[in-house]
Amino acid sequence: MTTQPSKPSRPDEETLILAKDLADDVLSSPIITAGERFQMHVHLSPGEPGATFDEPDRRLVRDLLGVLRNFDMRDSDVTMPRLFEIIERVGLKPEWRPALEHVRKTYAARDERPWIQLEDPEARPSDGPTWLRPRKAFDLWAYGELIHHDYDKQLRWEKLGPFAQGFARQMAYEYMELLLTLVALIRRVITWGLEKHLVDP
């Protein structure tokens, strides 16, 4: 019987430097520096309900999400929970603990039931209403047509229908904006809050 070699683990200090560099890439995106917004406008005119969207250029959106997703992917070296553990091991200045705890709690609550209530397209009718969560809305939007062209996710997205898709996109926008805020905060913690100086401000 042969055993598979264990996957090498990136060293803590190298991981924090990588996270800071990726955060710099995210925050220097033209979308961020230009202050562009992702917005949905709902139209309730009699006989013509619908929605329109303000989004930056799709190529810029793909570039931004391609880097941003590193902080939220389960198997990423710089996923937020792993960064929290490493920061604790490396050492955090006491005055920066409230900032780290804020990021940790906000990230933990990122997928709570949103104010928008849409039935999950995968829910079985016998289960009763099962609401689409922000992480899944982001997943269907980003991976179904932007970062990847995942056919399974595309079909689930289409199952929502045009009107519900609009609210799912708004949910995905809000999830993305939350991640952007947390990335900016975790960059500050890594740059200024560690007991051991690892990166240049």
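The model I looked at is predicted.

**Entry: Arg-69**

I began with Arg-69 and set aside its neighbours within four places in sequence; by that count Arg-69 is in contact with Tyr-143, Ile-147 and His-148. I found Arg-69 in the loop between helix H3 (58-68) and H4.

**Entry: the chain as a whole**

I then stepped back to the whole protein chain, whose secondary structure comes to 8 helices and 2 strands. Reading from the N terminus, I wrote the order down as α-α-β-β-α-α-α-α-α-α. The chain has 201 residues, and 41% of them are buried. Of the contacts with a separation of 6 or more, I saw that 65% are accounted for by residues 24 or more positions apart.

**Entry: helix H4**

Which residues of H4 are buried? I listed Met-80, Arg-82, Leu-83, Phe-84, Ile-86, Ile-87 and Val-90. These buried residues pack against helix H1 (12-27), H5 and H8. Just after H4, I noted that Gly-91 takes a positive phi of about 115 degrees.

**Entry: aromatic pairs**

Phe-84 is in helix H4 (residues 80-90) and Tyr-107 in helix H5 (residues 97-108), so I recorded a link between distant parts of the chain, 23 residues apart. Both Phe-84 and Tyr-107 are buried.

Why is the pair of Trp-141 and Tyr-173 edge-to-face? I found the ring centres 5.5 Å apart and the planes at 80 degrees; planes over 60 degrees apart count as edge-to-face, so the pair of Trp-141 and Tyr-173 falls in that class. Trp-141 lies in helix H6 (residues 134-145) and Tyr-173 in helix H8 (residues 162-192), so the pair ties together parts that are 32 residues apart in sequence. I noted that Trp-141 is buried, with a relative accessible area of 1%. Tyr-173 is buried as well, with a relative accessible area of 0%. I put Trp-141 and Tyr-173 down in one aromatic cluster together with Phe-138 and Tyr-175.

I went back to Tyr-107 for one more item: the charged end of Arg-110 sits over the ring of Tyr-107, 3.9 Å from its centre.

**Entry: Trp-157**

I located Trp-157 in helix H7 (residues 151-160). Trp-157 is buried, because its relative accessible area of 8% is under 20%. Which residues does Trp-157 contact, leaving aside its neighbours within four places in sequence? I wrote down Ala-137, Leu-140, Trp-141, Gln-165, Ala-168 and Arg-169. For Ala-137 I also took the separation from Trp-157, which is 20 residues in sequence and 8.7 Å in space, C-alpha to C-alpha.

**Entry: the largest pocket**

I looked up the largest pocket, and its volume is about 150 Å³. Its lining is made up of Thr-106, Ala-109, Arg-110, Glu-112, Pro-114, Trp-115, Pro-134, Met-171, Glu-174, Tyr-175 and Leu-178. Which element gives the most to this lining? I found H8, with 4 residues. I sorted the lining residues into 7 nonpolar, 1 polar and 3 charged. Two names return here from the aromatic entry: Arg-110, whose charged end sits over the ring of Tyr-107, and Tyr-175 of the aromatic cluster.

**Entry: Glu-36**

I ended with Glu-36, in the loop between helix H2 (30-33) and strand S1 (39-45). Glu-36 is partly exposed, with a relative accessible area of 37%. Not counting residues up to four places away in sequence, I found that Glu-36 touches Pro-30, Ile-31 and Pro-56. Glu-55 is 19 residues from Glu-36 in sequence, and the C-alpha to C-alpha distance I noted for the two is 8.0 Å.

Notes
Residues numbered from 1 in each chain as written. Predicted model: local features only at pLDDT ≥ 70, side-chain atom pairs only at ≥ 80, totals over all residues. Heavy atoms only, no water. Buried < 20%, exposed > 50% of the residue type's maximum accessible area, 1.4 Å probe, protein only. Phe/Tyr/Trp six-rings, centres within 6.5 Å; stacked < 30°, edge-to-face > 60°. Lys NZ or Arg CZ within 6 Å of the ring centre and 35° of its normal. Contact = heavy atoms within 4.5 Å. 1 Å grid on protein atoms, 1.4 Å probe; cavity = no way out; pocket = protein on both sides within 12 Å on 5 of 7 lines; lining within 4 Å. Points joined across faces, edges and corners; volume = space filled by probe spheres on them. Nonpolar A, V, L, I, M, F, W, Y, C, P; charged D, E, K, R; others polar.
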